[in-house]
Amino acid sequence: PDALVTELNAEYLRGRIPVERISDEIVDQVAAAGPGEHCARWIANLANAGADVVALMPISRGDVPQAVRRISEEVLPLLNGEARAAIL
């Protein structure tokens, strides 16, 4: 909801990231996060809805090369041609 987004943004601007208030449902509305199958399905839904481009940004707590490997090995192989074309 807009009110929650406003509250979370205000906390962020004060220098606090309110991760305890960000549920899995909120994350699912804005990002593909989680197991490879879940992320591939999320990306495929974007492509099927008409997305021309999907940008993948690995977020890691330190090991970015490992995050990129996981995307390459666990997500990309699960995407169909249309979804794969949208991100490559």
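Colleague: In which helix does L13 lie?
Modeller: The model discussed here is a predicted one. L13 belongs to a helix that covers residues 2-13. That element is helix α1.

Colleague: Is L13 buried or exposed?
Modeller: The relative accessible area of L13 is 65%. Exposed means over 50%. L13 therefore counts as exposed.

Colleague: About how much accessible area does the nonpolar surface patch with L13 have?
Modeller: L13 forms this patch with Y12, I17 and V19. The patch lies on the surface, and L13 itself is exposed. Together the four residues named have an accessible area of about 470 Å².

Colleague: Is D2 buried or exposed?
Modeller: D2 is placed in helix α1. Its relative accessible area is 68%, and the limit for this class is over 50%. D2 is therefore exposed.

Colleague: How far apart in space are D2 and H38?
Modeller: Along the sequence, 36 residues separate D2 from H38. The distance in space is taken from C-alpha to C-alpha. For D2 and H38 it amounts to 26 Å.

Colleague: What pattern does the protein chain follow along the sequence?
Modeller: The protein chain contains 5 helices and 0 strands. Its C-alpha trace spans about 40 × 30 × 20 Å along the principal axes. Read along the sequence, the pattern is α-α-α-α-α.

Colleague: What percentage of the residues of the protein chain count as buried?
Modeller: The protein chain has 88 residues. Buried means under 20% relative accessible area. The share of residues that count as buried is 20%.

Colleague: How many salt bridges does the structure hold?
Modeller: Side chains of opposite charge can pair when their charged atoms come close. One of the salt bridges joins E7 and R21, and another joins E11 and R16. The number held by the structure is 5.

Colleague: How many residues apart in sequence are the parts that E7 and R21 tie together?
Modeller: The side chains of E7 and R21 meet in a salt bridge, with an N to O distance of 2.6 Å. E7 is in helix α1 and R21 in the loop between α1 and α2, so the pair ties together parts of the chain separated in sequence. E7, at 40% relative accessibility, is partly exposed, and R21, at 31%, is partly exposed as well. The parts tied together by E7 and R21 are 14 residues apart.

Colleague: Is E11 buried or exposed?
Modeller: E11 forms a salt bridge with R16, with the closest N and O atoms 2.6 Å apart. R16 counts as partly exposed at 37% relative accessibility. For E11 the relative accessibility is 12%, and the limit for burial is under 20%. E11 is therefore buried.

Colleague: Which element gives the largest share of the lining of the largest pocket?
Modeller: The largest pocket has a volume of about 880 Å³. Elements that give two or more residues to its lining are α2 (24-30), α3 (36-48) and α4 (64-75). The largest share, 6 residues, comes from α4.

Colleague: How many residues of the lining of the largest pocket are nonpolar?
Modeller: The largest pocket is lined by 29 residues, and A31, A32, A33, M57 and I59 lie nearest its centre. The lining includes 4 polar and 4 charged residues. The nonpolar residues number 21.

Colleague: What distance separates the C-alpha atoms of C39 and D28?
Modeller: C39 is found in helix α3. At 9% relative accessibility, C39 counts as buried. C39 and D28 are 11 residues apart along the chain. Their C-alpha atoms are separated by 9.6 Å.

Key: Residues are numbered from 1 along each chain as its sequence is written. This is a predicted model: local features need pLDDT of at least 70, side-chain atom pairs count only at pLDDT 80 or more; totals for chains, interfaces and linings use all residues. Side-chain values use heavy atoms; hydrogens and water are left out. Patches are made of residues with over 30% relative accessible area and no salt bridge: like charges are joined within 9 Å, nonpolar side chains (Val, Leu, Ile, Met, Phe, Trp, Tyr) within 5 Å. Accessible areas come from the Shrake-Rupley method with a 1.4 Å probe; for residues, only the protein chains shown count as cover. Helices (H or I, at least four residues) and strands (E, at least two) are DSSP runs, numbered from the N terminus. Buried means under 20% relative accessible area, exposed over 50%, partly exposed in between (1.4 Å probe, protein chains only). On a 1 Å grid over the protein atoms alone, a cavity is a set of points where a 1.4 Å probe fits but cannot get out, and a pocket is an open set with protein on both sides within 12 Å along at least five of seven lines; lining residues have an atom within 4 Å of a point. Grid points are joined across faces, edges and corners, and a volume is the space filled by probe spheres set on the points. Ala, Val, Leu, Ile, Met, Phe, Trp, Tyr, Cys and Pro count as nonpolar, Asp, Glu, Lys and Arg as charged, and the others, Gly among them, as polar.
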